[in-house]
Amino acid sequence: MTLKTIFISTGEVSGDLQGALLIEALKRQGTAAGLELEIVALGGEQMAQAGAKLLGNTTSIGSVGILESLPFVLPTLKVQGRAKQYLRQQPPDLVVLIDYMGPNLSIGSFLKRELPQVPVVYYIAPQEWVWSISKRNTRIIVEITDRMLAIFPEEARYFVEKGGSVTWVGHPLVDRMESSPSREEARATLGIAPEQTAIALLPASRPQEIKYLMPVVFEAAKQLQSQLLDTKQRSQLSQSKGEGLTQSQADSPLFWIPLSLEAYRHAIEEAVKRYGLQAKVVAGQTKEILAAADLAITKSGTVNLELALLDVPQVVFYRVNPFTYWLARTFLKFSIPFMSPPNLVVMRSIVPELLQEQATPENIVRESLELLFNQERRQQTLKDYQEMRKLLGEVGVCDRAAQEIFQLMS
């Protein structure tokens with residue numbers, strides 16, 4: 001078999017997931033084409049499990065914002081230096097960049113300058129098509145890339161207009177969600193009774209989010225818990241003539257928190273105790289928790305699409321350092337039509353978004369109660385999800401991406 005080497009660079013938890021899905025497809029397509037693949041990467045544990053040799057783990061050194069990124073500058077530069085040294089000494093047959101804008105623009109520019117013979121594919125480009133703060137960033141993305149593999153239709157249109165060589169392959173989560181359990185299967189696995197209310201809380205996949213997002217979402221959860229349990233207890237008392245809640249019902253978790261990184265467990269479990277939440281923190285069962293939920297209260301990110309594909313109503317919120325937000329809005333003229341992927345896919349509001357000063361516990365509780373109890377609102381959400389689903393492409397996204405990559409290596 002012919003040996004080919006592919007270098008993949010990405011960061012953060014979501015990039016690690018997308019990288020792992022791509023590696024699995026590359027392995028499948030490589031075997032079918034009679035190729036032996038060596039995959040070297042910047043990424044995380046999921047990519048390593050899929051078969052990549054990691055030069056550096058980047059899942060815990062990512063951030064959003066200006067001040068927020070400062071603690072990660074030196075670790076990121078160190079990892080980039082290691083990657084560039086490897087590329088210089090052992091040029092691969094092809095490089096795949098996945099999101100991770102700052103570091104990947106640096107690596108891509110290095111490749112075009114020092115190793116122009118190595119093809120570069122940008123798979124899941126940074127969302128310049130949404131918030132294009134810098135025309136320079138868009139220009140660099142196009143210049144360093146031999147082929148862009150777009151996951152959103154609007155992304156493909158934007159970069160084609162800017163002169164990029166672009167193929168729309170669809171969104172890889174379409175593939176991933178094919179193996180998701182049904183609501184009934186997920187609840188059976190987690191031990192959640194069919195009639196129990198289960199709310200997924202997804203506050204953090206980056207260190208900064210523990211600081212800026214978790215207090216907001218946990219205070220909202222505390223208020224929501226008080227209202228829901230009071231309503232439930234009164235209903236039970238009315239129905240059972242004073243018997244009230246059974247012990248098993250009273251003790252069962254209302255909130256389920258999938259752990260994105262084990263490093264966050266202590267902080268999250270301590271906060272659960274501090275806020276008095278009936279919550280369970282679980283590692284390794286994210287799919288089951290999302291599929292079992294009646295509602296999710298979630299930070300903005302890839303998980304918003306996962307929830308939409310599972311037909312789970314959600315409240316999306318995000319906060320950064322107030323100075324970062326002021327700086328971006330005042331001097332960088334930062335503005336976005338939407339921040340959550342479901343809304344970006346259809347380019348209209350189908351899930352509620354609460355950004356910065358709007359992301360208060362009270363607003364989160366209000367939107368959550370609407371989605372839990374207003375049946376008309378829930379049904380409209382599910383209808384909008386179906387519209388979104390049609391714009392994400394057909395199953396086989398990762399295999400199509402892998403085929404495009406192999407074409408550039410031939």
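**Entry 1: helices α5 and α7.** I looked up the handedness of the crossing of α5 and α7 and recorded it as left-handed. I note here that the model is a predicted one.

I then listed the residues that make this contact. From α5 I noted M101, N104, L105, G108, S109 and K112; α7 contributes N137, I140, I141, E143 and I144. By class, I counted five nonpolar, four polar and two charged residues in the contact of α5 with α7.

Next I turned to the geometry, since two packed helices are described by the angle between their axes and the distance between the axes. For α5 (residues 101–114) and α7 (residues 135–144) I read an angle of about 45°, and their axes lie 9 Å apart.

**Entry 2: burial of strand β4.** I examined β4, which spans residues 94–98, and found it mostly covered, with five of its five residues buried. In a regular strand the side chains alternate between the two faces of the sheet. I checked the directions in β4: L94, V96 and I98 point one way, while V95 and L97 point the other way. I recorded all of these residues as buried.

**Entry 3: partners of β4.** I looked up which strands pair with β4. Strand β1 (residues 2–9) pairs with β4 in the parallel sense over four bridges. Strand β5 (residues 120–123) also pairs with β4 in the parallel sense, over four bridges.

I followed V95 of β4 to both neighbours. V95 is the bridge partner of F7, and V95 stands opposite V120 in β5.

How values were computed:
Residues are numbered from 1 along each chain as its sequence is written. This is a predicted model: local features need pLDDT of at least 70, side-chain atom pairs count only at pLDDT 80 or more; totals for chains, interfaces and linings use all residues. Side-chain values use heavy atoms; hydrogens and water are left out. Axes are lines fitted to C-alpha atoms, for helices over the stretch in contact, and angles run from 0 to 180 degrees between N-to-C directions. Helices (H or I, at least four residues) and strands (E, at least two) are DSSP runs, numbered from the N terminus. A crossing is left-handed if the near helix is turned anticlockwise from the far one by less than a right angle, and right-handed if clockwise. Contact means heavy atoms within 4.5 Å. Ala, Val, Leu, Ile, Met, Phe, Trp, Tyr, Cys and Pro count as nonpolar, Asp, Glu, Lys and Arg as charged, and the others, Gly among them, as polar. Buried means under 20% relative accessible area, exposed over 50%, partly exposed in between (1.4 Å probe, protein chains only). Two strands pair if DSSP finds at least two bridges between them.
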